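Open the model in your viewer and follow the stops below in order. Each stop names a selection and what is found there.

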Amino acid sequence: MTLKARQVATTSWDCQSSRHQPQLGADDVLNSPKMLFQRIIRSSISHSKVATPRCLPMIQRRTFMPAGMYDKKVIEAKYPSRPTLTDAEDPDMNGGYVNPPRIKRQFRDPYADWWDPQERRNYGEPIHEDNDTLGMFSPWEYTWTTPRQAFLLLGVFFSSIVGIYGAASLFYPDRPSYPREFEGGLERELGGPGAVRTRRAGDPDP
């Protein structure tokens with residue numbers, strides 16, 4: 001087949017295919033966006049019906065929570081309410097807590113086999129409610145002397161200081177020298193009237 005025959009065959013095929021294609025009128029051109037929009041809405045509705053999950057009833061959804069989050073008995077067992085005690089049962093007004101003996105930790109044996117050697121305390125040992133003033137990091141309590149002896153020592157110290165100063169003032173020797181005197185106090189040489197001058201004759205003894 002020659003080139004000219006091929007061109008003629010192709011042209012005839014295009015004409016035949018164009019005859020079978022539907023021709024759009026003016027109304028179809030105007031309504032095509034509307035039809036496209038309707039198709040999009042229909043497809044979205046059909047997809048949403050398929051993908052929508054089924055919601056469970058409220059009672060059934062609540063059963064998914066553990067009992068420890070809503071059961072009053074379990075909550076009361078975990079977090080019991082504060083007991084109501086009388087004045088006789090709770091004289092210290094601390095919720096009925098039984099305090100151990102009020103002993104400062106510094107007075108415990110430092111060489112004993114403590115679980116916590118620094119705090120001198122065993123594991124699980126109850127602590128006093130005033131532990132902040134009884135622990136090892138509280139102010140140290142000096143017991144090597146009594147208050148009476150301490151005041152006596154302070155009195156002896158201050159009386160000794162006063163006695164030494166008094167004796168020194170009575171027996172302190174005079175100055176072995178006498179200040180020198182200058183003529184006119186060197187007032188003119190030091191700047192004239194109003195200047196700080198030196199000692200001159202007639203000034204009182206120092």
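How many helices and strands does the secondary structure of the protein chain come to? The protein chain has 6 helices and 0 strands, where helices (H or I, at least four residues) and strands (E, at least two) are DSSP runs numbered from the N terminus. This is a predicted model, in which local features need pLDDT of at least 70 and side-chain atom pairs count only at pLDDT 80 or more, while totals for chains, interfaces and linings use all residues. Residues are numbered from 1 along each chain as its sequence is written, and side-chain values use heavy atoms, with hydrogens and water left out.

Start with the whole protein chain. From the N terminus, its elements run α-α-α-α-α-α. Of its 206 residues, 8% count as buried, meaning under 20% relative accessible area, with exposed over 50% and partly exposed in between (1.4 Å probe, protein chains only).

Next, select residues 150–172. The UniProt annotation "transmembrane region", from an unreviewed entry, covers them; such annotations may be inferred rather than shown by experiment, and positions follow the numbering used here, with feature names shortened. Over residues 150–172 the chain is 96% helix and 0% strand, with the end C-alpha atoms 33 Å apart.

Now select Ile161, which lies in helix α6 (residues 147–171). Is Ile161 buried, partly exposed or exposed? Ile161 counts as partly exposed because its relative accessibility is 36%.

With Ile161 they form a nonpolar patch on the surface.

Notes. Patch = residues over 30% accessible without salt bridge, like charges linked within 9 Å, V, L, I, M, F, W, Y side chains within 5 Å. Areas by Shrake-Rupley, 256 points an atom, 1.4 Å probe, with all protein chains shown as cover. Salt bridge = Lys/Arg side-chain N within 4 Å of Asp/Glu carboxyl O.
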